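Let's go through a model and ask what its labels rest on. Have a look first, then we'll take the terms one by one.

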Amino acid sequence: MNQVTTVLSVVERPEYLDSQIDAIKTQTVPSDIFIIWRNNLDYTLPYPSVIYRNESKHFNSLYGRFFNSLHIKTPYVFICDDDLLPGDKYLERCIDFSKSKNDNIVISSFGVDFKTDTTKYEPLSRIDQDVFLDFPKKVDMGGQGWFMKTELLKLFLLYPFYKEESGEDIHFSFCLFQAMIDIFVLDKDLNNVGTWQDTTLGERGLDDKAQWKQKQHNKVRDELVKHYVELGWKFQAKSKI
């Protein structure tokens, strides 16, 4: 059995699937592949897959990639957005860092820190793909890519979904906070591209298909943060990056 299963989410960008599969197949740590599709698009399915042909509000592919991955049997799982292209040593790096924290953390490809008193989506700092950290950083909220011990995936269902059309990253970050599981974004060595979470430095996520460019995106995220703060979500005092 491989150590990792990578979940590839074909939501808006099927044109990137082949390069993502190649990136996972060339990892220094072998990985199984499982694909979550919004629609099949007549693509020949090369790996085990789930297809959302007629999306419902309650079972869309953004949330569905988490709860449809609960069957995974490998020790680790990596849920990867459709705009990421990890370096060939990224999964190995994630395993090593996770083990250094007793596998009791989640590693994210993107991070946000909030103001301690905020009740809306108001980042104090963002760690995007083009930010180079000198050391792994604990963050309030993760996103884009999620690496963890597979048994932690069930925490996604710790609380009911509030806004099911989007905001799965906020939902999961809140659930992890309640379960006292820290979220980290790894540091990035300028001279070691193979360890990067995204070798394109976020370039693929700048197109018009990006969630953050969609109408009502910020309004929904404000409502989500407010809702979870009212349920007890707290943010640690931090300085800007």
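Contact here means heavy atoms within 4.5 Å. Keep in mind that this is a predicted model.

Q: What makes Trp146 something that Phe172 touches?
A: A contact needs heavy atoms within 4.5 Å. Phe172 touches Trp146, and also Phe66, Met148, Leu152, Leu155 and Phe156, leaving aside residues up to four places away in sequence. So these pairs have heavy atoms within 4.5 Å.

Q: Why is the set with Trp146, Met148, Phe172 and Leu176 called a nonpolar core?
A: The label asks for buried residues of types such as Leu, Met, Phe and Trp, joined through side-chain atoms within 4.5 Å. Those four have the most contacts inside the largest core, which has 28 residues. Being core members, they are therefore buried, under 20% relative accessible area.

Q: How many residues of the protein chain count as buried?
A: Of its 241 residues, 53% do. Buried means under 20% relative accessible area, so 53% of the chain falls under that cut-off.

Q: What share of contacts joins residues at least 24 apart?
A: In the protein chain, 75% of the contacts between residues at least 6 apart in sequence do.

Notes. Residues are numbered from 1 along each chain as its sequence is written. This is a predicted model: local features need pLDDT of at least 70, side-chain atom pairs count only at pLDDT 80 or more; totals for chains, interfaces and linings use all residues. Side-chain values use heavy atoms; hydrogens and water are left out. Buried means under 20% relative accessible area, exposed over 50%, partly exposed in between (1.4 Å probe, protein chains only).
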